[in-house]
Amino acid sequence: MTKSHFIIDLADGQAVASLFLVREKEIRTSVRTGKSWLELSLGDRSGSIPAKMWDNFEILVKTFECDDVVQIRGRVKLYNGRKELTLEQIIPAAERDYDIGDFLPHTKHDVEKLYADLRSAILAMKNPWLKQLLLSVVEDPAIAPRLKRAPAAMTMHHAFLGGLLEHTVSLIGLAAAVSAHYPELDPDLLLAGVVLHDVGKIHELRYARGIDYSDEGRLLGHITIGARLMREKCSAIKGFPAPLAVLVEHLILSHHGSLEFGSPSLPQIPEAVALHFIDDIDSKMAGMRASLEAASGGPADNLWTERNPALRRALLRTDKFIAGEASGEGAPAVAKSSAGQLELDPGAARRKG
């Protein structure tokens, strides 16, 4: 079986017969009517889509589980402005019949190039202790493959294979710029925080068939896992300065910035404050990028994205807004000044008001 349709390309009314990964599965029952139906979330590397099967699902539901790949037959329809699938058939697929790469989103960057950039930044460090510590992590044969494959999150940002490495390398660039701007920062200590702050996610998340939390991840979280890994690596380096180990661990423990968001410690050194803010902006920008690049879900949704759950808002596609594709009021009128520069037409706002 070959995957013939991807979610990003599905259109209202389209008949679909293709392979999808089962991300969620639940039998729901209407309180009002007592009627039950099978509710699924199906996914592939381009996104996810809700799906419903209304009849004859009682036996089928026992033949597959979440993270299984299934062959479905159904039709796309719009419901409350969003695309969903109404299913007529579900058949479990054998592993030999599909490429798992069709179902898990992946970084658009070359993973080996990202990994080489990471190593180059570490090799350029001046602090021999921190350099040795970071190399012992990223070159560990038990860690490096996971580091290259792990996502940075389940949904909020860089939620795809290779996302953790992409996020880390992005932060390396931000850290270099911030360190150059604020000479009071120790660039090597900040870089250590960049490389290690999310390393616990290699064990916090499962990412073989789908992206989900591991048992260890649910129980401990990536901050605790990362701090433990860092302590083990420091202990293995003879003579590693104890105060420096404390500072590195503080960077890991405080990078979420507040107790409310899961940090057991508040940032209390300049490098910890800088790490929190560059991590926050990179996460938010990545989340916005994903929303802006996502396929639209409804009939009039080219201008605005669907609601971004992490940011708790929909986002405006400014290129379309400026181009005049806004419905209704649209963008403010623009006129040229005598100098040839663009300026707002002050009369436009008054005429609209």
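Contact here means heavy atoms within 4.5 Å. Helices (H or I, at least four residues) and strands (E, at least two) are DSSP runs, numbered from the N terminus. This is a predicted model, in which local features need pLDDT of at least 70 and side-chain atom pairs count only at pLDDT 80 or more, while totals for chains, interfaces and linings use all residues. Residues are numbered from 1 along each chain as its sequence is written, and side-chain values use heavy atoms, with hydrogens and water left out.

Begin with the pair formed by α4 and α10. On the α4 side, Glu166, His167, Ser170, Leu171, Leu174, Ala175 and Val178 meet Ala274, Ile278, Asp279, Ile281, Asp282, Ser283 and Arg289 of α10. By class, this contact of α4 with α10 has seven nonpolar, three polar and four charged residues. For these classes, Ala, Val, Leu, Ile, Met, Phe, Trp, Tyr, Cys and Pro count as nonpolar, Asp, Glu, Lys and Arg as charged, and the others, Gly among them, as polar.

Two packed helices are described by the angle between their axes and the distance between the axes. Axes are lines fitted to C-alpha atoms, for helices over the stretch in contact, and angles run from 0 to 180 degrees between N-to-C directions. Helix α10 covers residues 270-293, and α4 packs against α10 at an angle of about 130 degrees with the axes 10 Å apart. That makes α4 oblique to α10; angles under 35 degrees count as roughly parallel, over 145 as roughly antiparallel, 65 to 115 as roughly perpendicular and the rest as oblique. The crossing of α4 past α10 is right-handed. A crossing is left-handed if the near helix is turned anticlockwise from the far one by less than a right angle, and right-handed if clockwise.

Helix α4 (residues 163-181) also packs with helix α1 (residues 111-123), at an angle of about 40 degrees and with the axes 10 Å apart. α1 and α4 are therefore oblique to each other, and α1 passes α4 in a left-handed crossing. From α1, the residues Val111, Leu114, Tyr115, Asp117, Leu118 and Ala121 meet Leu165, Glu166, Thr168, Val169 and Ile172 in α4. Eight nonpolar, one polar and two charged residues make up the contact of α1 with α4.

Now turn to the strands. Five of them close into a barrel in the order β1-β2-β3-β5-β4, with mixed pairing. From one strand to the next, the twist averages 50 degrees. Two strands pair if DSSP finds at least two bridges between them.

How many bridges join β1 to β2? There are eight, and the two strands run antiparallel, with β2 spanning residues 36-44. In this pairing, glutamate 24 has serine 41 of β2 as its bridge partner. Six residues lie between β1 and β2 in a hairpin, where glycine 34 in the turn has a positive phi of about 80 degrees.

On to β1 (residues 15-29) and β4 (residues 69-79), which run antiparallel and are joined by seven bridges. Along this pairing, valine 16 stands opposite glycine 74, serine 18 opposite isoleucine 72, and phenylalanine 20 opposite valine 70.

β4 in turn is joined to β5 by 10 bridges, again antiparallel. Here valine 70 stands opposite proline 92 and leucine 78 opposite lysine 83. The hairpin of β4 and β5 has two residues between the strands, and asparagine 80 in the turn has a positive phi of about 55 degrees.

Strands β3 (residues 47-53) and β5 (residues 82-92) run parallel, joined by two bridges. Lysine 52 stands opposite threonine 86 in β5.

Last comes confidence. pLDDT is the predictor's confidence in each residue, from 0 to 100. The protein has a mean pLDDT of 86, and 88% of its residues reach 70 or more. Residues 296-301 have pLDDT below 50, and this stretch has 13 contacts in the model beyond near neighbours in sequence. Over residues 333-353 pLDDT stays under 50, and the model has 19 contacts for them beyond four places in sequence.
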